[in-house]
Amino acid sequence: AGLNAIAREAGLSKANLYRYFESREAIFLHLVLDDYREWVGSVERALAPLAGSDDEVRVVHELVKLYSARPRLCALASSLSTVLERNVSVDAVVDFKTRSMNVLLRLGNAVQVSMPSLDMEGTRQFLFTAQFLVVGMWPAAHPPPAVQEALQRPELQFACVDFERDLEQAMVTQLRGLKAGPG
């Protein structure tokens, strides 16, 4: 979506839109942050009953289910470092990342309450790696039509990504490794 289309849809002039956002990418960063805040609120509510459980399978299942319910968040997060952060100022990046880290702290707290065997560093590693898994798996699991058609061929079935199944498996494996510790 271009800035003209965004302004038209919002009922604003393009000049007026520039009063609030420096670029189209800055608008999308704002949307990512809003979606992320809402997602974390959902995670906090979903993980509350799992407090103290240390049940990585149930914790991961809730996280993945809530990611899957927010396709816009997954799609925008997948383009953060490759597109959205490329046409904004340093100040906009600092603002976005600072606000994101505040939301990440809430997420970390929710995970730690339900996974007390993880220390702060383990929680940080889990959350960052989980984010990278989502960013990579989402587009692979939702390819463009030509790729979807190609993946229907039997010889290419190995290349199909099932977002929920594959993400859950990777995240549970990671949590189990973090809980086991080094060595």
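Q: Leaving aside neighbours within four places in sequence, which residues is A46 in contact with?
A: Contact means heavy atoms within 4.5 Å. Beyond those sequence neighbours, A46 touches E62 and L66. This is a predicted model, in which local features need pLDDT of at least 70 and side-chain atom pairs count only at pLDDT 80 or more, whereas totals for chains, interfaces and linings use all residues. Residues are numbered from 1 along each chain as its sequence is written, and side-chain values use heavy atoms, with hydrogens and water left out.

Q: Where is D54 found, and what is its phi?
A: D54 sits in the loop that joins α3 to α4. Its phi is near 55°, a positive value in a residue other than glycine.

Q: At what angle do α5 and α7 pack?
A: Axes are lines fitted to C-alpha atoms, for helices over the stretch in contact, and angles run from 0 to 180 degrees between N-to-C directions. For α5 (residues 71-78) and α7 (residues 120-141) the angle is about 100°, and the axes are 8 Å apart. Helix α5 is therefore roughly perpendicular to α7 (65 to 115 degrees; under 35 is roughly parallel, over 145 roughly antiparallel, and the rest oblique). On the α5 side P71, C74, A75, A77 and S78 take part, and they meet Q131, V134, V135, W138 and P139 of α7. By class this contact holds eight nonpolar, two polar and no charged residues. Ala, Val, Leu, Ile, Met, Phe, Trp, Tyr, Cys and Pro count as nonpolar, Asp, Glu, Lys and Arg as charged, and the others, Gly among them, as polar.

Q: How do the axes of α3 and α5 cross?
A: They come within 9 Å and cross at roughly 130°, which means that α3 is oblique to α5. The residues F28, L31, V32, D35, Y36 and W39 of α3 meet R72, L73 and L76 of α5. This contact divides into seven nonpolar, no polar and two charged residues.

Q: What is the volume of the largest pocket, and which residues are closest to its centre?
A: On a 1 Å grid over the protein atoms alone, a pocket is an open set of points where a 1.4 Å probe fits, with protein on both sides within 12 Å along at least five of seven lines; lining residues have an atom within 4 Å of a point. The largest pocket has a volume of about 550 Å³ (the space filled by probe spheres set on the points, which are joined across faces, edges and corners). It is lined by 25 residues, of which L80, K97, S100, F128 and Q131 are closest to the centre. Helices α3 (24-47), α4 (56-68), α5, α6 (90-114) and α7 each supply at least two lining residues, and the largest share, eight residues, comes from α7. The lining comprises 20 nonpolar, three polar and two charged residues.

Q: Which helix gives the most to the lining of the second largest pocket?
A: That helix is α3, with five residues. The second largest pocket has a volume of about 260 Å³, and its lining includes Y20, H30, R37, D95 and R99. By class, seven of its lining residues are nonpolar, one is polar and four are charged.

Key:
Helix = DSSP H or I, 4+ residues; strand = E, 2+ residues; numbered from the N terminus.
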